[in-house]
Amino acid sequence: MSSNVLVQRRSPVALWLAENGALVALVVLVVGLSLLSSDFLSVTNLLNVGVQAAVTAILAFGSTFVIVTGGIDLSVGSVAALSAIVLAWGATPAGWPWPVATVAGLAVGVACGLVNAVLIAYGKLPPFIATLAMLGVARGLALVISQGSPIELPAQVAHLGDTIGRYLPVPVIVMVVMGVVAAVILNRTYAGRAMYAIGGNEEAARLSGIKVDRQKLITYALSGGFAAVAGIVLASRLASAQPQAATGYELDAIAAVVIGGASLSGGKGRALGTFVGALILAVLRNGLNLLSVSAFWQQVVIGVVIALAVLVDTLRRRETS
Amino acid sequence: MSSNVLVQRRSPVALWLAENGALVALVVLVVGLSLLSSDFLSVTNLLNVGVQAAVTAILAFGSTFVIVTGGIDLSVGSVAALSAIVLAWGATPAGWPWPVATVAGLAVGVACGLVNAVLIAYGKLPPFIATLAMLGVARGLALVISQGSPIELPAQVAHLGDTIGRYLPVPVIVMVVMGVVAAVILNRTYAGRAMYAIGGNEEAARLSGIKVDRQKLITYALSGGFAAVAGIVLASRLASAQPQAATGYELDAIAAVVIGGASLSGGKGRALGTFVGALILAVLRNGLNLLSVSAFWQQVVIGVVIALAVLVDTLRRRETS
Amino acid sequence: MTGDILRAEGLRKQFPGVLALDGVDLSLRAGEVHVLLGENGAGKSTLIKILSGAYHPDGGRVLMDGRPVRIRSAGDARALGIATIYQEFNLVPQLTVAENLALGRPPRRFGLVDRARMERDAAGLLARVDVRVDPRTPVGRLGIARMQMVEIAKALALEARILIMDEPTAVLTTGEVEKLFAIVRQLRDEGVSIVFITHHLEEIPQIGDRVTVLRDGRSVAEVPASTPHDELVRLMVGRPIDQQYPRKRARPGEPLLKVRGLTRRGVFADVSFEVRAGEVVGVAGLVGAGRTEVARAVFGADHYDAGEVTVNGRRVPPGDVHAAMEAGLGLVPEDRKGQGLVLGAAVAENLGLVTLRDATRAGFVDRKGQRSAAAKVAGRLGIRMAGLDQEVRTLSGGNQQKVVIGKWLVAGARVLILDEPTRGVDVGARVEIYQLVNELTAAGDAVLMISSDLPEVLGMSDRILVMARGRLVGELPAAGATQDDVMAMAVAEVEGGRVQ
Amino acid sequence: AGTAATAGSSGGGSSGGAGVKIGMSVSTLNNPYFVQFRDGAQAAAARLGVALTVTDAQNDASQQVNQVQNFTSQSMKAIIINPVDSDAAAPAVKAADRVSIPVIAADRGVNGAEVAQTVASDNVAGGRYAAQELAKAVGGSGKVVVLQGVPGTSASRDRGQGFTEGIKAFPGVQVVAQQPADFDRTKGLDVMTNLLQSHPDLKGVFAENDEMALGAIKALGAKAGQQVKVVGFDGTPDGLKAVAAGTMTATIAQQPKLLGQRAVEAAVRAANGETIAKTVAVPVKIATKANVAEFQTS
Ligand SMILES: Nc1ncnc2c1ncn2[C@@H]1O[C@H](COP(=O)(O)OP(=O)(O)OP(=O)(O)O)[C@@H](O)[C@H]1O
Ligand SMILES: Nc1ncnc2c1ncn2[C@@H]1O[C@H](COP(=O)(O)OP(=O)(O)OP(=O)(O)O)[C@@H](O)[C@H]1O
Ligand SMILES: [Mg+2]
Ligand SMILES: [Mg+2]
C-alpha cells in the first residue's frame with residue numbers, strides 16, 4: 001500500500017541509551033563520587049560496591065519478573081531470610097548434609113513464591129496483599145525456626161561469601177550469573193515473553209492462548225527462588241543466617257527495578273536496567289560512608305539522589321521523544 | 001432499540017455488601033475473637049481498638065485519594081513523623097505559640113505532598129519512586145530537626161490523645177471526622193470525582209478538560225495533610241514527637257486501603273472500605289495480644305488473616321458476579 | 001453564511017519516526033457536515049486531535065472566525081466551542097454513565113457535586129440519543145456500541161459550535177447509524193458544523209456536504225459529497241478498486257465447527273449451528289444481540305452453563321482458551337484495545353503473540369523466526385508503521401485492527417472467528433482482508449464472521465445466521481438476501497422474549 | 001510505689017506467683033539481646049508459676065502503647081514494659097496507673113510517669129565503659145570509628161552519648177567517622193568495609209551493639225583484634241564467642257537474662273502488694289577475653 005513510509009531511523013547507540021537511561025544517572029553518580037572522594041575509584045572499593053550490590057541485585061532480578069507481569073512482590077526480603085534460616089537450621093541443628101540443606105533452603109523460597117502465585121492467580125488476591133501477607137508469614141517462620149537467634153552457616157556454604165584470589169568475590173559472580181539467567185529468561189524464553197504479554201494486557205494474553213495462571217506460578221516461583229539465592233548469599237557473607245536479615249529489602253529491590261526503567265503497571269522492564277538500578281543504590285550508600293555523611297542526613301541524600309536519578313532519565317526521555 | 005433489556009437487578013443490600021466486602025471479614029474476625037477471648041468484647045477494649053486504629057486509618061484515608069488516582073504514597077509514615085516533629089520543635093525549642101506550631105506541622109505535611117505531586121505530575125516520576133524518595137527525605141529531616149531525640153509535645157496539643165469522659169477518646173473522634181471528610185471529598189467534590197476519572201482513564205480525564213496535573217497536586221497534598229494529622233494524633237498519644245514514629249506505616253495504610261476494596265491500578269476505592277480495612281488490622285493486632293499469641297507467631301497469623309480476609313471478599317465477589 | 005467558521009492551514013505534525021501531517025488544509029463552514037476521508041494512517045485522527053487540543057502542531061495554524069487561535073488543551077477547545085468524539089473511547093469504565101457524561105464539569109450545588117441533577121441531565125441526554133440504560137450503570141458494563149452512544153451523548157452535552165466525530169459509525173449497527181444521522185442532521189440544521197470521519201463510503205452522500213481527502217499526511221482534494229464512489233476511492237488510495245466484496249464461494253465440505261445448545265443464563269440460550277470447511281458463515285444482529293458473547297463462549301474465553309462445542313470432531317472443554325486453540329479455533333475479538341493488543345509492546349511482539357508457543361523449542365523462543373513471520377504478515381496487510389519495533393499504541397486505529405487480524409493469520413487456525421473484523425479498516429485494506437478470508441476457505445478452513453456491517457455480511461458470507469436477544473432466530477443463504485431481509489429477522493419478536 | 005500497694009488486694013495468692021497473670025511488652029524480638037531478655041523472664045516466670053504474656057512491639061512506640069492498653073483490658077496483675085522509647089512509654093504507663101496495675105520498666109526507664117520499679121542497666125554508663133575499653137585497647141591514641149544503631153532510637157542515643165563523653169578523656173583517640181548501620185549485622189559489614197576504604201589506618205571500632213560489631217569483625221577479617229580493636233555492646237552469645245576468640249576486644253555485657261529474671265520477680269512482688277525498691281541496677285559488665293567464661297555459662 002503506502003509507498004513512502006515516513007521513517008527516520010535513529011542510531012542504535014541512541015536507542016540503546018534511551019532504553020538504559022539509568023546508566024546515565026549511574027555514570028554521573030560515579031563521576032561525582034570520584035571527584036568528591038579519592039578512595040572511591042579504587043579497585044577494592046569498586047569490588048566492595050559490587051559485593052554490597054549483590055544481594056539487592058539478585059532480589060531485584062527476581063522482582064523484575066513479577067513487575068514485568070504487572071505484579072509486585074513485597075515478600076522477597078522475608079523469603080530470603082527464611083530460606084537462609086532453613087538452610088542453616090537444616091545443616092546445623094537438624095544435621096542434614098549441607099547439599100540437602102541448601103536444596104531445602106532454595107525449595108522453601110520457591111514454595112513461598114508458589115503460595116504467593118496461588119493466592120494471586122487462583123485466589124484472585126491483589127499481589128500487594130498476597131505478598132504482604134507472605135512478608136509477615138515468612139518472617140514469622142524464620143523467627144520461629146531460629147528461635148530469634150542467628151544460626152551458623154555450614155562452612156561449605158559460607159564459602160559463597162569468599163573472594164577467589166584477590167579480585168573475584170563470589171557474591172559478585174553469583175550476581176552476574178543470576179543477572180544473565182534473568183536476562184535470558186526475560187528475552188529468550190516462552191515464560192519471559194509471556195510475562196511481558198501478561199503485564200501489557202492480561203486479557204489479550206489469555207485470548208492469545210497463554211495460560212496466564214500457570215505463567216504466574218512460574219513468575220512468582222522464580223521470584224521466590226531468586227530471593228532464596230539472595231538470602232543464602234547474604235548469610236554466606238556473615239557465615240550466619242539471621243532471622244531478621246534483609247528486613248525492608250523489598251523496597252530496595254522494587255526501587256532498583258523501577259530505577260532501571262520498568263513500570264509498575266507492567267509490560268516493561270529489563271534485567272540490565274535492574275542491575276544498573278541496584279548498582280546506583282549500592283554506589284550511593286558506599287559513597288555516603290566514604291564521605292562520612294552524618295547519619296541523619298544520609299536518608300535525605302539517598303532520597304534526593306534517587307529522585308534525581310530517575311528525573312534525569314525521564315527528562316532525557318521526554319526530550320528525545 | 002431493544003425493548004427488553006437483559007439486565008438482572010440486584011437488591012441494594014446485596015450491592016452494598018458486594019461493595020463493602022471487607023465488612024464481612026471484619027464481622028467474622030470480631031465474632032471469632034469474642035468467642036476466643038472473653039476480654040475482647042468489653043467496651044474499654046473496643047475503645048482501645050478504635051484508638052489503636054486511628055493513626056493507621058487517618059493515614060489510610062489520605063492514601064485512598066492517591067490510590068484512587070492510580071498512584072501510591074510510600075512517604076506517609078515519614079511525613080507523619082516529620083509533621084509531628086516540626087510541631088513539637090516549633091512549640092518547644094523554637095517557642096512559637098502552639099497554634100502556630102500546629103499550623104506549621106500541618107503545612108509541612110501538605111508541602112511534602114506537594115513536592116511528591118510536582119515530581120510526579122511535572123517531573124513524570126513514577127509515584128513509587130517519588131514517594132520512596134520522600135520517605136527517606138522526610139524521615140531524615142525529622143531526625144535532623146530533632147537531633148534524633150524525641151521532643152515533648154505542647155500540653156494543649158497532647159490533649160488530642162486524651163479521652164473525654166470515660167468513653168470518648170479524642171483520637172477516635174479525629175479518625176471519624178477525617179473519615180467523613182475523606183468520604184465527602186471522594187464522593188461529592190469535583191476534586192474527588194476527578195480522582196476517580198484520573199485513576200480510571202487518565203487520558204480520558206485529560207481530554208474531558210480535567211486539569212490532571214493540578215488534580216494530582218490536590219491529591220498528594222491531601223495525602224500529605226492527612227499524614228500530618230495522623231502524625232500529630234500519634235504524637236499526642238505519646239505526648240512526645242518521635243523522629244522514628246510511624247516507620248513502616250505506609251504498608252499498613254496501603255494494606256488498609258486495598259483490604260477495603262480499592263485497586264492499586266486506580267479508579268476504585270471508598271473511604272468506608274478503607275476504614276473497615278484499618279479496623280481489621282487493629283482488631284487483629286489487639287486480638288493477638290489478648291490471646292497471648294507468641295511474638296514470633298503473631299507475624300505469621302497476621303499475614304494469614306490478612307490473606308484470608310481479602311480472600312473471603314474476592315471469592316464472595318466472584319460468586320455474586 | 002459568511003466564510004469559514006474554522007480553517008486549518010498547513011498543519012504539520014511529526015512523531016518519532018513518522019511525519020503524520022505534512023501540510024494539511026481544512027476549511028469548515030458553519031452548518032455543514034464535512035467528511036474527512038483517507039486510508040488508515042493518513043493522518044485524520046492526528047488532524048482532529050490538533051483541533052481538539054490533544055496534540056500541538058509542529059507547524060501551520062488554526063483560525064476560527066478568521067482569527068488565529070491557539071488550542072493548547074482540551075479545556076481551550078471546549079472554550080472555543082469545539083467538542084470531539086475520539087476514535088478510541090475516552091470513557092472511565094469504573095464511573096457511571098451519568099458521571100462520564102458530566103466528566104470534567106459535574107453540576108455542583110454548594111460546592112458539592114449534585115448527583116441528582118447529574119443523573120437527571122444524563123437521563124435527558126440518553127433519551128436524546130435514544131439509548132435506554134440506567135444512568136447509574138458503570139460504563140465498563142456496557143457493550144461497545146452502547147459506549148459509543150454514550151460518547152456521542154457526552155459530546156452533545158457540550159452544545160458546541162463545532163462537533164468532531166472520529167469514526168462514530170464504526171461500532172454501530174444500521175439502526176443506530178440511522179439514529180445518529182438523524183441527530184447529526186438536526187444539529188446541522190441548528191447551525192452546528194460537523195467534522196465526520198468514516199471508512200464507510202456509502203455514508204458520505206447520506207450525511208456529508210463536502211469531503212476533504214487526506215493521503216500520506218497531506219490534503220489532496222476537497223470535493224462535494226456527491227462525488228462518485230469510485231472517484232473517492234481513487235483520490236484516497238491512488239488507484240481504483242474493482243470489486244469491494246470479492247468473495248469466491250467454494251463448495252462446503254465437512255462440518256469443522258459444531259455448536260449445540262449453547263446457553264449462558266441471562267445472556268444467550270440454546271444456540272446451535274455449524275460451520276463447514278471452506279465456508280464463511282456471517283452472524284448478523286442488533287447491538288446487544290449476544291453475538292460477541294456466543295463467540296467468546298465458543299472460543300473458551302468465557303464459561304457457559306450448557307451446551308457443547310466440537311471442532312473437527314473434537315470436543316472443546318468450556319472456558320479453556322488454550323484447548324480451543326489446540327483444537328484449531330481462533331478469535332479476533334471486537335475490542336482491539338482491551339482484548340486484542342498489548343498496546344505497549346511492539347508490532348512484532350503482537351503479531352507473534354499467538355504463535356509464541358509454536359515458536360518455542362525447549363523453552364526458548366525463536367525470535368528471529370517470529371520476526372520474519374511478522375514482517376511477512378505486516379507487508380501483506382499493508383500495516384503502516386515506522387517499523388516492526390513501533391509500539392502498537394502509536395499506530396493509527398485501522399492499522400491496529402490489522403495487527404489484531406494479522407496475529408491470527410500467522411497462527412493458521414482451522415476455524416477463525418472474526419468479531420467485527422473490518423471495524424475502522426479502510427476500503428483498500430478491507431479488500432486485502434477479504435482476499436485473505438478467501439484464501440483461508442479455499443485451503444479448506446472455515447470462518448465465522450460477526451459483523452454489524454450488513455453489506456459486508458451479505459457480500460462476504462455464504463450463509464447468514466441472525467441473532468436477537470440471545471437467541472439464534474434464523475438463517476438465510478447469502479445469495480439473494482437483502483439488508484431488509486436480515487433486519488426484519490433481527491427485530492422480529494422472539495417467542496419467550498427475555499432470555500433467562 | 002503507691003501503685004503497688006493498691007494492687008495487693010486483688011493478688012489473692014500467697015508469696016509465690018501461682019496463677020498471677022503478667023504482661024510483658026518487649027521493644028523488639030528481632031534482636032538476640034531482647035530474645036535473651038525474654039528467655040530470662042520466661043524462665044523466672046516458669047519457676048514462680050506465673051502466666052507471662054510476651055508481646056513484641058517491633059520497635060514501634062505506639063504499637064507498644066497499644067499492647068500495654070490491651071494488657072489493661074486483659075486485667076493483668078502487673079505489666080513489664082521494655083520501652084521502645086523512654087519518653088513515649090509514659091502515656092501507656094499512665095493508663096495502667098489509672099487502673100492501678102503496677103508497671104515495671106525494664107532495660108530502659110520511663111520518663112514522665114510513675115513506675116513501680118525500673119530494672120535497668122545504664123546505657124550511658126555502658127557507653128563510657130566502652131570508650132575506656134577501646135581507648136585502653138588502642139593504647140590511648142589512634143583513629144577510631146563508631147557504628148551507630150538506628151538513628152533516633154534511645155539505645156543508639158544513650159550509648160553514643162556515653163561513648164562521646166567517655167572518649168573525651170583520651171585526647172589521643174580521634175573519632176574519625178560515625179556512620180549508621182542500624183543495629184544490623186549485614187549493614188555493619190557493609191559500612192565497615194566502606195569505612196576501611198577511607199580510613200585504612202584505623203585502630204579501633206565502637207559498635208553500638210554486638211550485631212554490628214560482628215559485621216565489622218567480618219569486614220576487618222584478620223585485622224580484627226590485631227591491628228583493629230573492636231568493642232561491642234550487649235554481650236550476646238555470638239558476641240561473647242567473638243570475645244573468647246579474641247576478634248572482639250570487649251563487649252559491654254548487659255546480662256539480659258538476669259534483667260528479664262529481675263523484672264519478673266519484681267512484677268510478681270508488686271502484684272502481690274509487696275513494697276519494692278524504686279530502682280534495681282543490673283550491673284553492666286565489661287566482658288573481655290579474661291573473664292568471658294563467666295558470662296557464657298550464665
Ligand atoms: N503518538 C504517536 N506516536 C507515533 N506515531 C503516531 C502517534 N500517533 C499517530 N502516529 C502515526 O501517525 C500516523 C497517522 O495516524 P492517524 O491516527 O492520524 O491516522 P488515521 O488517518 O486516523 O488512520 P485510521 O483511519 O486508521 O484511524 C500513523 O502512521 C500513526 O502510526
Ligand atoms: N439494553 C441493554 N442495556 C444494558 N446492557 C445490555 C443491553 N443490551 C445488551 N446488553 C448487554 O450487552 C451484552 C451484549 O453484548 P454486545 O452488545 O457486545 O452484543 P453483540 O451482539 O455482540 O453486539 P455488538 O457486537 O454488535 O456490539 C449482553 O451481555 C447484555 O448484558
Ligand atoms: Mg484514526
Ligand atoms: Mg459484539
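Residues are numbered from 1 along each chain as its sequence is written, and chains are lettered from A and ligands numbered from 1 in the order in which they are written. In this predicted model local features need pLDDT of at least 70, side-chain atom pairs count only at pLDDT 80 or more, and totals for chains, interfaces and linings use all residues, while side-chain values use heavy atoms, with hydrogens and water left out.

**Chains.** A contact means heavy atoms within 4.5 Å. Chain C and chain D have no contact, and their closest C-alpha atoms are 37 Å apart.

**Cores.** A nonpolar core is a set of buried Ala, Val, Leu, Ile, Met, Phe, Trp, Tyr and Cys residues joined through side-chain atoms within 4.5 Å. Buried means under 20% relative accessible area, exposed over 50%, and partly exposed in between (1.4 Å probe, protein chains only). The largest core has 221 residues, of which A:I58, A:L59, A:I129, B:I58 and B:L59 touch the most other members. Helix α3 of chain A (residues 43-68) gives the most to this core, 14 residues. Helices (H or I, at least four residues) and strands (E, at least two) are DSSP runs, numbered from the N terminus. A second, separate core holds 71 residues, including C:F299 and C:L343.

**A helix pair.** Two packed helices are described by the angle between their axes and the distance between the axes. Axes are lines fitted to C-alpha atoms, for helices over the stretch in contact, with angles from 0 to 180 degrees between N-to-C directions.

| Item | Value |
|---|---|
| Angle, α4(B) and α11(B) | about 60° |
| Distance between axes, α4(B) and α11(B) | 7 Å |

α4(B) and α11(B) are therefore oblique to each other; angles under 35 degrees count as roughly parallel, over 145 as roughly antiparallel, 65 to 115 as roughly perpendicular and the rest as oblique. Residues of α4(B) in the contact include B:V76 and B:L87, which meet a set in α11(B) that includes B:S223 and B:A235.

**An enclosed helix.** In helix α9 of chain C (residues 291-299), 8 of the 9 residues are buried, so this helix is largely enclosed by the rest of the structure. C:G300 follows α9(C) and has a positive phi, near 90°.

**A loop residue.** D:Q74 lies in the loop between α3 (61-73) and β3 (78-81) of chain D. D:Q74 is buried, with a relative accessible area of 2%. Not counting residues up to four places away in sequence, D:Q74 touches residues including B:D39, B:N289 and D:K21.
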